[in-house]
Amino acid sequence: MITSSDPLNDAPVTVTFSDGRASWNQPGAVVFAGCGDCDGPSEQVSCGYLNFFASPASARDWASQHPGITGSVLDQARAETLGAETFGWLLSDGT
């Protein structure tokens, strides 16, 4: 389970994983995946710019308030794919 909140309005955003499927508690929730001026592995440098938002409008508003951070608003399907590609190995048992 991932528990977060929208940085602009504190609306809760929870993603629960069960049987290989994700369930989002906010139907319109999205993720902003961005990067600033940093270097290193994704799992170590992206957390400050990997935010959950209750809606695409909220994510766009946040991005406009942070012009030094480049990134994209990801729909749920793309966020799930990127999350698995970036952090999936952290969940594996090494086999």
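**Core and sheet**

Analyst: The largest nonpolar core is made up of nine residues in all: V13, V15, W24, A29, V31, A33, F52, L74 and A79. A nonpolar core is a set of buried Ala, Val, Leu, Ile, Met, Phe, Trp, Tyr and Cys residues joined through side-chain atoms within 4.5 Å, where buried means under 20% relative accessible area, exposed over 50% and partly exposed in between (1.4 Å probe, protein chains only). This is a predicted model, in which local features need pLDDT of at least 70 and side-chain atom pairs count only at pLDDT 80 or more, while totals for chains, interfaces and linings use all residues. Residues are numbered from 1 along each chain as its sequence is written, and side-chain values use heavy atoms, with hydrogens and water left out.

User: Which strands each supply at least two residues of this core?

Analyst: Strands (E, at least two residues) and helices (H or I, at least four) are DSSP runs numbered from the N terminus. At least two core residues come from each of β2 and β4 (30-35). The strands asked for are β2 and β4.

User: Which residue of β3 is the bridge partner of V15?

Analyst: Strands pair if DSSP finds at least two bridges between them, and β2 is joined to β3 by four bridges in the antiparallel sense. Within β3, the partner of V15 is W24.

User: Why is one side of β1 and of β3 left without a neighbour in the sheet?

Analyst: The sheet is open and has three strands in the order β1-β2-β3, paired antiparallel. Because β1 and β3 (21-24) stand at the edges, one side of each lacks a neighbour, and each has a single partner strand.

User: Which residue in the turn between β1 and β2 has a positive phi?

Analyst: Strand β1 (residues 2-5) pairs with strand β2 (residues 12-18) over four antiparallel bridges. The two strands form a hairpin with six residues between them, and the positive phi, about 60°, belongs to D10.

User: At what distance from the backbone oxygen of P27 does a polar atom of the Q76 side chain lie?

Analyst: Q76 lies in helix α3 (residues 76-91). Leaving aside neighbours within four places in sequence, Q76 is in contact (heavy atoms within 4.5 Å) with W24, Q26, P27, G28 and A29. The distance from the P27 backbone oxygen to that side-chain atom is 3.1 Å.

Terms used. Polar contact = N/O pair within 3.5 Å; in protein donor to acceptor, adjacent residues only side chain to side chain.
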